[in-house]
Protein chains: 2
Amino acid sequence: MDFKMGYFRENVEKTEGYVPGFQPSSPSVIKLNTNENPYPPSPGVVAAIAAVQPEQLRRYPDPLGNKFRQAAAELHGVDQENIICVNGGDELLSMAIRAFCDSKRSLAYPVPTYTLYPVLAKLDDCPELEIPYDDEFNLPARLAKTGAALTIVCNPNAPSGTLTPVEELASLADELKGRGVLLIDEAYVDFAPRSCVGLVKNLGNVVILRTLSKGYSLAGLRFGYGIAHKDIIDGLLKVKDSYNADAIAIEAATAAIKDQAYFRANVEKIVAERTRLTSMLRGMGMAVLDSHANFVLAEVRGATARIVYDQLAAQGIYVRYFHGLGERLRISVGTREQNDRLVAALEQILQGCRS
Amino acid sequence: MDFKMGYFRENVEKTEGYVPGFQPSSPSVIKLNTNENPYPPSPGVVAAIAAVQPEQLRRYPDPLGNKFRQAAAELHGVDQENIICVNGGDELLSMAIRAFCDSKRSLAYPVPTYTLYPVLAKLDDCPELEIPYDDEFNLPARLAKTGAALTIVCNPNAPSGTLTPVEELASLADELKGRGVLLIDEAYVDFAPRSCVGLVKNLGNVVILRTLSKGYSLAGLRFGYGIAHKDIIDGLLKVKDSYNADAIAIEAATAAIKDQAYFRANVEKIVAERTRLTSMLRGMGMAVLDSHANFVLAEVRGATARIVYDQLAAQGIYVRYFHGLGERLRISVGTREQNDRLVAALEQILQGCRS
C-alpha cells in the first residue's frame, strides 16, 4: 500500500475528531445519554413524511427551504430572510466557524460547555479561547474582552443545564458589536423559560441557533436553523452547501414547528419530570444543579462516576460520562418510568459502593 | 441597525457563493436544467421511507450510516471501512477541500468543469489552479505537475459529458502519489461505460465521489458517498459533521442501491434517449459532443445561446446556460416526450432566428 502521512492538512492530522455519544442499536435499552426527547415526534410529522411524493425525491429540493423559513419566521415574529435552514444544529456551528474564523480570527467560549466547539476550531485551524465559568456557571466578564471574531455561548449550557439571563447576553452582544459575532447556541432552550431570539431585532451581530432534535423529538431528521440579521444570514448562505436540507426534512420540520400544541405538551411533561428527577437524585445525596434543559448534571458522592456509569450500562441504562468533569454524570430526562428505573438502579449501585 | 462589514472573513466577504440552477416550483414545466433523472426513484425507496418509524426520528441516527456503507461495499466489492456517507456529493467536495487544502495547499482541476470547485476553494481561502482542457477535453498532462494538495477530475466531466479513460486517471493518481490526493467526481458515472472505483484498491491517494441524485433519481434526498483507502476515509470522518446523514436518508439510500435492476433499466432508457437526442440536435445543425452523462452540451449555430435559452424558458422549457461557455447550452436528457418537445421548440426558435 502506498499510503503516506501528509495528504491531510496538519491540523486535521493532529485532531482527534468529535466522538458522538454512544448510540446503542438495541431498542430495549434506557437511553439517557444523548438528550433525545423520550416522546415520539408529532403525528403531523409522520403524516408529512408519508405524504412526500416521488417527484419531490426526484427533483432537487428548494435550496433555501423557504417553506420552513416562512413557518419559522411566523413562529418567531421575524422575516423569512432572518432564517437559515441547516442539516442539524452542528452544521450551523461548523458554518459559523468557517465563515467568521480562521488562523488569525479566534473563537471564544466559556467552559465547560459543548465539546464540539474546540473540535470544529481545530479543524478550521482557528485559535480557541476557553474562558472558565465560575462554580455557579455565571457568564465570565472576560468573554467580552477576548478579541475573538466569534463568541459562542451555549444557553442553556450543556452539560450544566444552567441559564444565563437574556439581559446579560444582550450586554455581551452590545460590547462585542462592530468587533465580533455572538452565537447563542439555544439547542436546549425549548426547556427554558426564556429565549434570546428577540435580540436579533436590535443587534446585528447575534446569531441564534435552534434545533429540532430536542424539543421536537427529531434527532434522527437532522434539522436546525439559525436566526439573525439579514446581512449575517446572507453571508452564512455563501458558506452553506447548495442543497443542505433535503426535501423530506423540509416537509417534516415544517410540520413539526406548526404543531406547537403537541410540542408544548411534551416540553411540559419533560420539565415536570426534570423537577421530579432532580429532587429524587438530591434525595439520594447527589448534588444536582438546577437545570433549564432536558438533562441534569448530577454529582455522585461516595462512588466514582466512571464506576457508576459502567454499572448502569451493564444494566442497559446509558447516561453520559465526561472526562474532566469530576464525579459528574449527565443524565437526559426520560419518561416517568425510565427515570424511576434509573433512580432505582442508582440507589442499588450506590448502596453497593457504600457497603 | 448596527451591522458593519468585517464580521466575516475577508475571503467570505469577497466571494459570491455558488448559484444553483433555477428550481421552478411549477410541476408542469419541462425541467432539463439541473440533470435530474426524468424517472421516479425505485418503489423500494418509497416503501423504505413509508416504513420509517417515529422511534428512528426521535433518536440520533447511526453517525456512520453503516447500513448504507455495508450495502455500498457489497455493490463495489470493497470493505465497509472504504465508504463514507455524505449529505449529497457536494458535501464530500467541501469536506475534501477542508481536509486537504488551505491557503498554502492548493486545489487543481481541469476547466471548464463543475463551477462549484472554485467557489469552495475561495471559501477555504485555498489557491485554485485551473488547467484548461484542449478542444477535445483530453486530460491536460500539466495536471500532474501542479503541486496541488488536491486534484479534482469530474469524470464524466460536466458540462462537456466527456469521459477520460480509467487508465489515464490511474496514471495521474500514480504520478501524484505521496504528494497529493486525486478526487474523481463520478457524479455522472452511472451513465458511462466504466468507473474508476477499482483504483482505490491499489492507489491510496484516490477518492471516488458518488451520488444518488442522478442515476437513482434522488436529488431531493441529498445522499452521496465517497470510496477510498481506509486511512483517507478515517481522515475525512474527522471533518464530517457527527450526524451528517439522517435516519430517513440512510434507509432510502440503502433501498435505492439494493434495487440495481430498477436502476439499470432507467439508466438504459436515459442512455438510449441521449443517443436519440444527440442525433436530433445534430440533425438541426447543432454541434454536440459525445456525452457519457445524462446531459448533452450543444452548440447553437445561427443564434445566440442566451436568446435561445430565454425563448425556451418563456415556453416553460428550462435548460442550462453558462457564461463563458460560448454559444453552448447544457441540456439534461429527459423522457422521450420531453426531448421531442424540446427539439420541436428549438426548431421553431432557430427558424425564427434565421428568417
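This is a predicted model: local features need pLDDT of at least 70, side-chain atom pairs count only at pLDDT 80 or more; totals for chains, interfaces and linings use all residues.
View 1. Helix α10 of chain B, residues 260-283, lies across β9 and β10 of chain B, and its direction is at about 5° to that of β10(B).

**View 2. The four-stranded sheet of chain B.** The strands form an open sheet of 4 members in the order β9-β10-β13-β12 (chain B), and their pairing is antiparallel. Because β9 (287-288) and β12 (320-321) of chain B stand at the edges with a single partner strand each, one side of each of these strands is left without a neighbour in the sheet. Strand β10 of chain B (residues 295-299) pairs with strand β13 of chain B (residues 328-332) in the antiparallel sense, over 5 bridges. Within this pairing, Val296(B) has Ile331(B) in β13(B) as its bridge partner.

**View 3. The two sides of helix α2 of chain B.** In helix α2 of chain B, which spans residues 43-50, the buried residues are Val45(B), Ala48(B) and Ile49(B). These residues cover an arc of only 100° around the axis, and therefore they lie on the same side of α2(B). On the other side of α2(B), the exposed residues are Pro43(B), Ala47(B) and Ala50(B). The cover over the buried residues of α2(B) includes, from chain A, α2 (43-50), α3 (54-58) and α9 (247-258), together with α9 (247-258) of chain B.

**View 4. The axis relating the two chains.**

**View 5. The contact between chain B and chain A.** The contact takes 73 residues from chain B and 73 residues from chain A. On the side of chain B that touches chain A, the elements giving two or more residues are α2, α3 (54-58), α5 (89-100), α8 (230-239) and α9 of chain B. By residue class, this side of chain B divides into 35 nonpolar, 18 polar and 20 charged residues. Since 100% of the interface residues of chain B are also interface residues in chain A, the copies meet through the same surface.

Key
Residues are numbered from 1 along each chain as its sequence is written. Chains are lettered from A and ligands numbered from 1 in the order in which they are written. A residue is buried if 20 or more other C-beta atoms lie within 10 Å of its own, exposed if 12 or fewer, and partly exposed in between; C-beta atoms are placed from the backbone. The arc is that of the directions from the helix axis to the C-beta atoms. Two residues are in contact if their C-beta atoms, placed from the backbone, lie within 7 Å. Ala, Val, Leu, Ile, Met, Phe, Trp, Tyr, Cys and Pro count as nonpolar, Asp, Glu, Lys and Arg as charged, and the others, Gly among them, as polar. Two strands pair if DSSP finds at least two bridges between them. Axes are lines fitted to C-alpha atoms, for helices over the stretch in contact, and angles run from 0 to 180 degrees between N-to-C directions.
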